[in-house]
Amino acid sequence: MPTTVKAYGAPSATEPLVPLTIERRDVGADDVLIAIRYAGICHSDIHTVRGEWGDIAYPQVVGHEIVGEVTEVGYAVTRYAVGDRVGVGCLVNSCGECDECRAGDEHMCEKGAIGTYNAVDVDGTITQGGYSTHVVVNQDFVLRVPESIPYEAAAPLLCAGITTYSPLARWGAGPGKKVAVVGLGGLGHMAVKIAVAMGAEVTVLSRTDAKQAESLAFGAVAHVATGVPGALAGLKRRFDLIISTVSAPFDIDAHLRTLRPHGTLVNVGLPPEALSLHVGQLVGGGKSFSGSNIGSIRETQEMLDFCAEHGVAPEIELISSDRINEAYDRTVSGDVRFRFVIDTATL
Ligand code: NAP
Ligand code: ZN
């Protein structure tokens with residue numbers, strides 16, 4: 001018998017989110033039942049429920065930054081026990097058989113990794129996310145959240161953390177590397193903290209100087225207000241690596257000019273609109289423009305352990321569920337410092 005649980009979800013693309021109930025499947029042999037304690041609000045949740053990335057099924061419960069406690073395990077579960085502090089990120093299943101899954105890149109599954117929400121699960125149901133009190137997840141897609149990471153602050157690591165850790169690790173952010181982070185929101189502030197912990201010299205490229213004090217507090221050496229005419233031109237050939245977390249179209253060419261030869265701009269932001277660049281900006285300095293999508297389960301665990309070891313934790317604003325709609329509007333307007341996290345006890 002599926003269980004009915006409390007949640008907060010979108011009735012349509014244009015209406016505010018409302019309290020509702022959803023069904024969670026029975027705990028299968030390999031499943032873990034998690035009592036969700038906290039759920040982060042990612043800009044991807046907003047793009048999704050507002051239909052900015054295309055049509056979705058409604059009502060839709062989003063949320064893919066989930067932390068909580070294991071309250072029940074299936075008989076074949078070996079990796080988790082009741083009482084464990086765990087997390088769930090952006091995916092809850094994959095085919096397990098394709099080349100990518102076999103290589104441990106299940107988030108790039110050939111058949112499409114099954115997202116934590118708005119995806120069709122193996123049993124044919126539509127997955128529903130973390131703005132809810134409970135979730136049932138296959139043990140292979142559950143993460144262990146180290147005790148030293150503050151409970152309510154751990155949730156944003158499950159998306160914002162891994163999405164920025166993965167490209168920073170892949171492109172070798174570390175001592176001697178100059179890294180720029182574009183956009184100081186949920187992902188951006190994690191990119192700064194993680195790159196600093198990796199030993200890189202970090203500069204924040206933000207629209208205004210409103211968040212300058214925070215950039216420096218996170219360990220950045222500089223905060224540049226890119227809205228000031230000529231600001232980027234003054235940074236020509238400065239960076240080895242740029243991570244862009246911007247959720248809207250931005251001037252890619254101007255940012256490419258701030259790369260050193262052979263440098264890379266990795267775009268993790270997902271604005272609904274197409275972006276454009278002049279390839280001459282790449283050709284001249286042998287530069288690269290790349291993308292990066294969350295990270296594998298293995299790398300997500302690696303990131304959680306890295307953050308615990310280095311004392312890296314997100315800056316959050318903890319909210320009750322009746323403030324979710326306000327939090328959406330504030331996130332879209334850039335008024336977020338730096339991740340809203342829902343206390344699911346208020347659902
Ligand atoms: P967020 O908290 O809203 O942060 C985005 C930041 O981008 C803002 O704080 C702002 O920084 C900057 N920005 C916003 N509008 C802008 C504009 N019109 N021009 C220039 N800069 C602008 O969002 P988030 O949760 O970090 O997510 C960022 C993007 O990444 C979203 O598109 C999301 O869907 C995507 N995402 C991708 C992945 C992936 O796997 N690739 C994973 C998660 C999220 P400043 O105020 O400092 O300028
Ligand atoms: Zn996300």
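Guide: A polar contact is a pair of N or O atoms within 3.5 Å; within protein, one must be able to donate a hydrogen and the other to accept it, and residues adjacent in sequence count only if both atoms are side-chain atoms. This is a predicted model, in which local features need pLDDT of at least 70 and side-chain atom pairs count only at pLDDT 80 or more, whereas totals for chains, interfaces and linings use all residues. Residues are numbered from 1 along each chain as its sequence is written, chains are lettered from A and ligands numbered from 1 in the order in which they are written, and side-chain values use heavy atoms, with hydrogens and water left out.

Visitor: How far is an oxygen atom of ligand 1 from a polar backbone atom of Gly186?

Guide: Ligand 1 has an oxygen atom 2.5 Å from an N or O atom in the side chain of Ser206, and an oxygen atom 2.8 Å from a polar backbone atom of Leu187. For the polar backbone atom of Gly186, the separation from an oxygen atom of ligand 1 is 2.8 Å.

Visitor: Is His43 buried or exposed?

Guide: His43 lies in helix H1 and touches Ser247, Thr331, Val332 and Arg339 (heavy atoms within 4.5 Å), leaving out residues up to four places away in sequence. Buried means under 20% relative accessible area, exposed over 50%, and partly exposed in between, with a 1.4 Å probe and protein chains only. The relative accessible area of His43 is 17%, so His43 is buried.

Visitor: What is the relative accessible area of Thr331?

Guide: Thr331 sits in helix H10 (residues 324-332), and its contacts beyond four places in sequence are His43, Ile46, Val336 and Phe340. Thr331 counts as buried because its relative accessible area is 11%.

Visitor: How many residues of helix H4 are buried?

Guide: Helix H4 spans residues 160-170 and is mostly covered; its buried residues pack against E10, H5, E13, E14, H9 and E17. Among them is Leu168, which is in contact with Ala173, Val179, Ala191, Ile194, Ala195, Met198, Leu241 and Ile243, neighbours within four places in sequence aside. Of the 11 residues in H4, the number buried is nine.

Visitor: Where is His262, which has a positive phi?

Guide: His262 is a residue other than glycine, yet its phi is near 70°. At 67% relative accessibility, His262 counts as exposed. Its place is in strand E14.

How values were computed:
Helix = DSSP H or I, 4+ residues; strand = E, 2+ residues; numbered from the N terminus.
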